[in-house]
Amino acid sequence: MKNSTFNILNILVAKGMVSEDNVKVLQQKYQDEDITMEDALIKENIVSERDIYATLAERMRLAFIDIKELEIDESLYDVIPQNLVEDYGIVPVAEENGRLIVATSNPMDYRMISVVSNNIKRRVKTVVATPSQIKEQQDVMYQSDQQAKMYDEAQEFIKQQMVASEENIKEEENIEDQPIIKLVNKMFEDAVAMKASDLHIEPQEENMRIRFRIDGKLREYTTVSRQLAPSIISRIKFISGMNIAEKRIPQDGRLHYSVKNTKIDMRVSDLPGVFGEKIVIRITTALGMKLELSGIGFLDENRAKFETLLHSNRGIILLSGATGSGKSTTLYTGLSQLNTPETNIITVENPVEMVIKGITQVNINEKAGLTFASVLRSILRQDPDVIMVGEIRDKETAEIAASAAITGHLVLSTIHTYNAASSVVRLIDMGVEKFMVSSSLLGVIAQKLVRKVCPYCRVPHKATEAELGILGMPLDSDITIYDAKQGGCPKCNGMGNKGRTAVHEIMIVDNKIKHAIHEDKTTEQINEIAIQEGMISMKENLRRLLVEGIITFETYFDTVAEVYQED
């Protein structure tokens, strides 16, 4: 183990953030590795990166900052030469009384202050920030320059290929620093940094367009020359296990990529088009969030209901919603809460989207006869406590899941409906007997993702009478709601919206709902009974988010219209 860079271990122990036992275990575990104690503590999740560098700042009597909370003037990007910014791991963040404020993760590097100050002919003041935030800000500062350089390198590489022999091309295919490989890697890293859910690589008549889906909307990332398209597509097909030579039929693949020590799982789809093959990559890893109930976006009342459902010994818990509504993330979060050494959890999915340690996960392969129904039958002979079925899509799967629930298993699954009440009717329409539905179903969680207004640039206004009327609130209510700023700000990349949250309605299948099922009540009638029994409708969830300043009135109105139009 390397010597400590900052010598703050005693402070961490004194504060109770690290125990003596932690130190002994890590010294033993990493004795032969080139890693400091601080880095080992962060790697093992004993102390967070933020706590380490906040403690360092306290020891050095310097300010500790959160770069994400700052609005950094872009004019500062060119004050310090790029080579110094990257060599010393720093970023300029502000100006104060003629001095340049520079964030660093190594405030003990006094040479940096001297070199930078002499270079820019100004006094420098240091503040402390985490290395990861400094790296992210450097990427923001130089992203366009890096892209342009990589595209130029890739273009030159293609020209060289055109005149190279086949033998030379084959010899170069395994070189990891090829421009095409670097370009694809940079695209992946930017997608993860921007928390994109999907990447679209689309050859067109004159160029190739690359777009990222961020917060539910496709946004253009860049365009590249058509000459680069075949090489980029071949690279992605190769690393995702597809047949590079086959360009006539659709293919599916999967790839894993590591970004800043985080393993990212991606599902890849290839589709032949008029101008070439289109690639769509779904990032299935839950970026920027842990699988904890606090990260799902539940209202307090709904979170309590979900926890109650999860602690049931038997029955079906259904999650409903459209594709891309976050059902899988909620499902995996529920499984994570149930994942204990005393519980046998088995899942059957198409495909497995997220691997969870300690859970047996089965991939469907319908071509080989491995269907949801056939796997479910086998699972019941594996002594499961909890079963997760990726999707209930037909009568056979629904009936086996219901039978498993009735005979003492907790079953979690998804179904494609737009609200909780319609899920009950959908099961009956599939051909499942009403008594099976009523006796097996514990509850239904309907979910949808909505964009959050950027908290840094949102524009407040007092709700008008028209808006209050639509919200169903007294017309004399004094309520402030927020609009997205036109053109946004640097924090939201000029979009006015930043991130998404989920809205829910959770219908507990109690005796009144069971009677309604047996009496062939309609979706609207079941929904009305559920609200009378305490269900918070999705519309009410949206209204609360609006009043709290989390979403805009436009988002509220559009989402309500979309959800209730589909009923």
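Which strand is largely enclosed by the rest of the structure, and why? The answer is strand S2 (residues 99-104), because 5 of its 6 residues are buried, where buried means under 20% relative accessible area, exposed means over 50% and partly exposed lies in between, with a 1.4 Å probe and protein chains only. The close-up views below come from a predicted model, in which local features need pLDDT of at least 70 and side-chain atom pairs count only at pLDDT 80 or more, while totals for chains, interfaces and linings use all residues. Residues are numbered from 1 along each chain as its sequence is written, and side-chain values use heavy atoms, with hydrogens and water left out.

**View 1**
Strand S1 (residues 90-96) and S2 run antiparallel and are joined by 6 bridges, helices (H or I, at least four residues) and strands (E, at least two) being DSSP runs numbered from the N terminus, and two strands being paired if DSSP finds at least two bridges between them. Within this pairing, Pro-92 stands opposite Val-102 of S2. The hairpin of S1 and S2 has 2 residues between the strands, and in this hairpin Asn-97 takes a positive phi near 55 degrees. S2 is also joined to strand S3 (residues 124-128) by 5 bridges, and these two strands run parallel; Lys-125 in S3 is the bridge partner of Ile-101. From S2 the chain crosses through helix H6 (residues 110-120) to S3 in a right-handed β-α-β crossover, a term for a path that runs clockwise from the first strand over the helix to the second when the strands point away from the viewer.

**View 2**
S7 pairs with strand S8 (residues 262-273) in the antiparallel sense over 9 bridges, and Tyr-257 stands opposite Ile-264 in S8.

**View 1. Salt bridges between and within elements.**
A search of the whole structure finds 28 salt bridges, each defined as a side-chain nitrogen of Lys or Arg within 4 Å of a carboxyl oxygen of Asp or Glu. One of them joins the side chains of Arg-377 and Glu-396 (2.4 Å, N to O). Arg-377 lies in helix H13 (residues 372-379) and Glu-396 in helix H14 (residues 395-406), so this pair ties together parts that are 19 residues apart in sequence. Arg-377 is partly exposed at 39% relative accessibility, and Glu-396 is partly exposed with a relative accessible area of 39%. Lys-462 forms a salt bridge with Asp-478, with the closest N and O atoms 4.0 Å apart. This pair links distant parts of the chain, since Lys-462 is in strand S16 (residues 459-462) and Asp-478 in the loop between helix H17 (465-471) and strand S17 (480-483), 16 residues apart; both Lys-462 and Asp-478 are exposed. In helix H20 (residues 538-547), Arg-543 and Glu-540 are 3 residues apart and thus separated by about one helical turn, and their side chains meet in a salt bridge (2.9 Å, N to O).

**View 2. Two loop residues with positive phi.**
Most residues other than glycine have a negative phi. Asn-45, which is not a glycine, has a positive phi of about 60 degrees; Asn-45 lies in the loop between helix H3 (37-43) and helix H4 (49-60) and is exposed, with a relative accessible area of 68%. Lys-195, in the loop between H9 and S4, has a positive phi near 55 degrees and is partly exposed at 47% relative accessibility.
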